[in-house]
Structures are given as structure tokens and as C-alpha cells.
Amino acid sequence: MPPVPHVPHPYLADTARPRVIAHRGWVSDELAVSGIAENTRAAFTAALAAGASYLETDCHLTRDGEVVLAHDADLSRVTGDPRQISDVDRVELEALFADRGGLLTLHDALVDFADARWNIDVKAAAVAAPLGRIVATHGHRVLVTSFADAYRRAALKAAAGERPAILPATSPGKGSLIRLLVALARLSETAARRALAGFDAVQIPERQGRLRVLTPRLVRAAHANGVEVHVWTVNDSADMRRLAAMGVDGVITDRTDLALATLRDELGGELSSGPGRER
């Protein structure tokens, strides 16, 4: 497929490839021993200190309407508290996370980590609209995604309602991704182009069960339509090198330190090709 002219979203304007996207921040072994948890102020501070500029996170809504950074709907895995985040107020969450690295609201994360780019997963229907309103003024450095396309669309609609200069970047949810995979299986360039329309990146695992999601055909189709390919969750240096050689544009990783060292050593910190360029 011939490349199409494409101006990347500002979130993806950095030409260095592949991007290292710190999955829920970075919790080193030393931080883990001291009780630091993922998706906390300490975890994101550590990721930035290691050299990452892209931070991946997830959002839920508290009982009193605050958008906070957390992956799970409940607190049991991270704090041992069995309650749902939606049943707890912000002040009590702050106390629970005080010795776990520090709670972050989405607003505070965007303000306090002003130089970072944020990859934000909408984890529940209730959080979509308030999340969208918060990120609206930061659209140039935010990508909004979700497994549920409905949540993603609701967040983007709320952001658009704030009349921002730039809407956040976005990547497909499960339904949109299935449409893309079906188009690729049918060898339909037209259907693939339609499935990719409106997206800035495709963020996927290599496999989902027995299904191979990442293929050279998917990478070619995405790049031909000006869309990046990011793969999660990649924690092995050999896999990082292999994916970079395939032309993957980003790796979402728990091992920020390893990814930065591996990809800088192997690639000098930058790949010569990217979306919309010949491969």
C-alpha cells in the first residue's frame, strides 16, 4: 500500500522510535520492596527519572466524583482493601496510598507532570465524561483509549464539548480492532483504511489467546494510513528488539529501565522509519 500524506498528532510528533511507554509508571525492585505501588506519584516520578517521556495509566471515578489513577475497579490487589474505588472518597484514598507512593488525581497528574505525554485508559463508563473534560486542555499530549469503544467515544465527546484547540489522540477499542483484523483477513485495503480512520495509534498485544493480533500485514496497513503500532505489555529485551525490527512504533512496558537501555543500544534511540514513510 502506498503511504498517504499524514501529519502526526502532537502526542506522536517526537520522531524517535520505538517509543517507550511506561506501563502504570515504573516500580523498580527497590521501590516494590519499600511498598511503592503502580499508578502512583512515586511510580511516575521514577519512570520519568529513568528517561521515559510517555506514561501509561488508567482512570476510575471516586464516590465524590474525582478522577483518580488506578487500574483495578477495587482496591484489594494494591492496598488489601476490598472496596470498589467508586465507594471511596478521595480523602480516604489519599490516606490508603500515603505509604504506597501517593495517590494521583488525573488533574494533578497532568499539572504536576506537565512535560510528560499521557496514555490514558478509560476503565469505566462513569469516568468517561469527567475524564474527557479534564484532558481537553491537554489534548496535544494525551492519548485516550479503552477496551470499550463506547467509553473512549464518550471521553472524546466530552473533550470536544470543551472546544479545545486540539483533541486528544486515540486508539481503537476491542470492537474497532476486530473490524480492522477482519479487514486484514479479507485482504481489503479499503476496509482496513476505513477501520483505521480517526485513529492515531493501534495499541495491541502480540496475541490474544490463540489469535495472533500483531502481524506484518497489520503494521504495513497501519503505517500506510499514518497510524502507529504500539504493543503491550513487553518486558523482555529480546522481544523488544524483535518488535522494533518488525517496525513497531512503541512498546508499553513494566520495565522502563530495560526498554530504554535495550532500544537505545540496539537502535541508537531512533528508527529511521515511521507512519506515513516507506518501509
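Reader: Which elements each supply at least two residues of the lining of the largest pocket?
Author: Welcome! This is a predicted model, in which local features need pLDDT of at least 70, side-chain atom pairs count only at pLDDT 80 or more, and totals for chains, interfaces and linings use all residues. Residues are numbered from 1 along each chain as its sequence is written, and side-chain values use heavy atoms, without hydrogens and water. A pocket here is an open set of points on a 1 Å grid where a 1.4 Å probe fits, with protein on both sides within 12 Å along at least five of seven lines, and lining residues have an atom within 4 Å of a point; the elements that supply at least two residues each to the lining of the largest one are β2 (54–61), β4 (117–122), α8 (174–185) and β7 (201–205).

Reader: Which element gives the most to the lining of the largest pocket?
Author: Elements are DSSP runs numbered from the N terminus, helices being H or I with at least four residues and strands E with at least two. With four residues, the element that gives the most to the lining of this pocket is α8.

Reader: What is the bridge partner of Pro205 in β10?
Author: Two strands pair if DSSP finds at least two bridges between them. β7 and β10 run parallel and are joined by five bridges. Across from Pro205, the partner in β10 is Trp232.

Reader: Over how many bridges do β10 and β11 pair?
Author: One link here is His230, whose bridge partner in β11 is Gly250. The two strands pair in the parallel sense, and the number of bridges is three.

Reader: Is Ile252 buried or exposed?
Author: Ile252 belongs to strand β11, residues 250–253. Contact means heavy atoms within 4.5 Å, and beyond four places in sequence Ile252 touches residues including Ile21, Gln203, His230 and Trp232. Its relative accessible area is 3%, so Ile252 is buried.

Reader: Which residues of the largest nonpolar core touch the most other members?
Author: A nonpolar core is a set of buried Ala, Val, Leu, Ile, Met, Phe, Trp, Tyr and Cys residues joined through side-chain atoms within 4.5 Å. The largest has 29 residues, and those touching the most other members are Leu180, Ile204, Leu214 and Val229.

Reader: Which element gives the most to this core?
Author: Elements that give two or more residues to the core include α9 (189–196), α10 (216–224), β10 (228–232), α11 (237–246) and α12. With five residues, the element that gives the most is α8.

Reader: How many residues has the other core that lies apart from it?
Author: Among the members of this other core are Ala46, Val67, Val142 and Leu156. Its number of residues is 27.

Reader: Which element gives the most to the lining of the second largest pocket?
Author: This pocket is lined by 14 residues, with Ala16, Pro18, Arg19, Val20 and Leu260 nearest its centre. Strand β1 (19–23) and helix α12 (256–267) each supply at least two of the lining residues. With three residues, the element that gives the most is α12.

Methods: Buried < 20%, exposed > 50% of the residue type's maximum accessible area, 1.4 Å probe, protein only.
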